[in-house]
Amino acid sequence: MIAKNCLACHGAAMRMSDLDLRTREAMLKGGKRGPAISPGAPDQSRLISLIQHAEQPAMPPGKQLPEYEVTILTRWIGTGAPLDKPIGDDATDAKKAMAAMEERPITAEEKKFWAFQPVKRTVPPTASKPSWVKNPIDAFLLQSMDAKRLKPSPEASKRALVRRAYLDLWGLPPSPAAVEEFLNDKRPDAFNKLVDKLLDSPHYGERWGRHWLDLVHYADSGGFEYDRDRPEAFRYRDWVIRAMTADMPYDKFVQWQLAGDEIAPQEKDALIATGFLRQGLEHNVKSEFTRMEELDDLVSTTGNAFLAVTIGCARCHNHKFDPIPQKDYYQIQSIFFSTKPMEAPLADAADIAKNKAENKAVDDRIAPLKKEIEALKKPFRDQKIAEERAKLPDYVQEALRTPPEKRTEGQRLNARQVERTRNFTEEDVIKSMTAESREQMKALEAKVREMEKQRPPKLPAAMAIGEQGREPMPSYFLHRGSADSKGSLMKPGVLSVAAWKEPDFPAAPEEAKSSMRRKGFSQWLTAPENPLFARVMVNRIWQHHFGEGIVATPSNFGKTGDAPTHPELLDWLAGEFIKEGWSMKAMHRLMMKSNAYRMASDDTASNKTIDPDNKYLWRMPRQRLEGEAIRDAILSVAGTLDAKSGGPGVHPYIDPVLWQGSSGRTWPGKPDSDTSTWRRSVYVFSKRSIPLPMLDVFDKPDGVQSCARRNRSTIAPQALILMNNSFVRIQAGKFAERLTREAGSAPDAQVTKAFDLAYSRTPTATERSAAVRFLKDHPEALIDFCQALFNSNEFVYMP
């Protein structure tokens, strides 16, 4: 029992907590927490307390020994714990023990966990109120409400519905004309027609693409201390938006991100899509350790985003809570192990050849000038070196004078240290030059700068991924996650608890430029038989429409995550997703055309008493808009939004005090009055270390890790930034100009128009009276009034 359950962590290969359980003496000595056994006193033996789960950490991790085994060990200790020879004599060889540690069988019981069961094609229940049911979603929800004696809320007003749909699908408020068009549409399916119209717009891709970018922790910079810009990263962002707008099937959408270069190497968009694999942080130092960190990001983000499992927790040991062996982690890691970053040209071969030739011509003209510059500097640099070496001890100078082939080992070491170390900079060399030499150098440098201007424009390239060749690089099981403790050579694999058959990873064909492992993995991942893939995505779509997912932990479907509130509905939606050809827009239509989506968001006293958290969705949840949607809504209402799509990110103004003095990090911000920055916020340059304050204060993720659900804080700085930020003030002024232009100078007309634009409704009598009075009493009242509308709950919350 001890050999089977304990020695993997407390034996020849490893002694966690300094505890060795192979001999009686070692058990008596114990580890960091004291002796493991008290012979003759099992009730005082820590070993018994741990295996009975009476003390933490309970052992063995993730399971409990059968009662009869606990009884045997208890009796053994009670008789004095006799032990004639070490336990596991046949496994004392460390290599065998370490190899045994790599295996962690998954039990039939573990596979019964709901998330790892095949998606069931559930039949919608018979509704108690058929008139309330617009589609099967309502039947499932009504069944749960009936069980809890809850009543669905009444339908929201048409004004609330049109505003909700626009903000939900576009992240922009509807125009007054769009509101009127919907109010005047008396057809029974008017709302369904509205949903279809909104889904057909590129604005949908911009809004929902932002949700996806959170999930893959997209950024336009590499992070860490230097946080270097990634000038080509925007192409992946733009591809996500285009793919969403075109309703690319979700299985293909994911396959291209994992293996576009292997699946469709001739498709430029397929290469751009692999930018997903380049979203991790960029380490300044390249080493085996930092490479393991990069691979960990790939494995962890893949597990979180597509499977909602915390695979990263199995990097150093078997997962403590879920049936994810450490071996699964390293088999999946082996799929990405051979990858390397590449900038894939997006121009055709002729343009690439022409560009290369033109650059070479410029290089050839510049080379002689650079040689002249170096010749001017050399005597002064040599003089600095001589001065430095004259200060060195005699034995070091002797080493430097000795010919390299005659130096002793010590002299070679001393010489190398001196040759690699300079106590002066290039600037010091220039300062030591004569005035005449400096002038000559400056003239030559000016010529170089002029010639540099003759270079052709840089060709577009995709920040993509490639591999070393068709033969995969060897990767290994790493005990304790350490690159210094390599175990067995790893073959590619998948999440074994979710595997319905043995995965297939055939050898790459002779002409292949990569191992093709990522293609095989992507096909397994996106197969309809995968119990997680469809469930996870429909849950994410549901979360963004209804505030919370059916599983409230959208990237954790494991034991430490939340159980689904409506498991049958989740499976039904997953089945529909597959049946509809993985169409995300079909899922939007299904959810938004339900009666549940049309409910008002007001509380009902009786329901609130039973279900205060609205877990069973008896009303539409109230959701604050993200910072991007708030900023975009301000621009839209002010009439200043630049609807241009795609391209490099823009740099709105950020106070330099927030980034000056950093390690070379810069932000070329433009004034808040610069119209080129008045674009949708998804196109704002996303620099990890310098976030735009307006987005940051409204909980924009930092881009370090995958974000499945943004924080939803309510803090004073949010109101303060809407009150004091110069961008908001400028846009309030533009809003005031728009009101004067479209409604004239009469305060009553201005108030009516302002509410129509900002809130999609007319003001109440009380609101109108107060607003008109305010406008008449203050000189800058109209701008202040407009800014007050921006800084209101009604403006920043979904109706």
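**Overall architecture, core and helix packing of the predicted model**

Of the 799 residues in the protein, 52% are buried (buried meaning under 20% relative accessible area, exposed over 50% and partly exposed in between, with a 1.4 Å probe and protein chains only). The model is predicted, and local features need pLDDT of at least 70, side-chain atom pairs count only at pLDDT 80 or more, and totals for chains, interfaces and linings use all residues. Residues are numbered from 1 along each chain as its sequence is written, and side-chain values use heavy atoms, with hydrogens and water left out.

The protein has 34 helices and four strands, taken as DSSP runs (H or I of at least four residues for helices, E of at least two for strands) and numbered from the N terminus. The C-alpha trace spans about 95 × 95 × 55 Å along its principal axes. Among contacts (heavy atoms within 4.5 Å) between residues at least 6 apart in sequence, 70% join residues at least 24 apart.

The largest nonpolar core contains 129 residues, and those with the most contacts inside it are Trp212, Tyr250 and Phe253. A nonpolar core is here a set of buried Ala, Val, Leu, Ile, Met, Phe, Trp, Tyr and Cys residues joined through side-chain atoms within 4.5 Å. Helix α22 (residues 533-546) supplies the largest share of this core, eight residues. A second, separate core of 39 residues includes Val728, Phe735, Leu782 and Met798. Apart from neighbours within four places in sequence, Trp212 is in contact with Tyr236, Val240, Met244, Tyr250, Phe253, Gln257, Phe306 and Met537.

Two packed helices are described by the angle between their axes and the distance between the axes. Axes are lines fitted to C-alpha atoms, for helices over the stretch in contact, and angles run from 0 to 180 degrees between N-to-C directions. Helix α10 (residues 202-215) packs on α22 at an angle of about 120°, with the axes 12 Å apart. The two helices are therefore oblique to each other; angles under 35 degrees count as roughly parallel, over 145 as roughly antiparallel, 65 to 115 as roughly perpendicular and the rest as oblique. In this pair, Trp208, His211, Trp212 and Leu215 of α10 meet Met537, Arg540, Ile541, His544 and His545 of α22. By class, the contact has five nonpolar, three polar and one charged residues (Ala, Val, Leu, Ile, Met, Phe, Trp, Tyr, Cys and Pro count as nonpolar, Asp, Glu, Lys and Arg as charged, and the others, Gly among them, as polar).

Helix α22 also packs with helix α24 (residues 584-592), at an angle of about 45° and with the axes 10 Å apart. That angle makes α22 oblique to α24. The contact is made by Met537, Val538, Ile541, Trp542, His545 and Phe546 of α22 and by Met584, Met587, His588, Met591 and Met592 of α24. These residues divide into nine nonpolar, two polar and no charged.

Backbone features were found in several loops. The loop between α3 (46-51) and α4 (67-78) holds Pro57, which is joined to Gln56 by a cis peptide bond with omega of about 5°. Pro60 lies in the loop between α3 and α4, and the peptide bond from Met59 to Pro60 is cis, with omega near -10°. Arg149, not a glycine, has a positive phi of about 60°; this residue is in the loop between α6 (136-147) and α7 (158-169) and is exposed, with a relative accessible area of 74%. Ala308, in the loop between α14 (288-307) and α15 (326-336), has a positive phi near 55° and is buried, with a relative accessible area of 0%.
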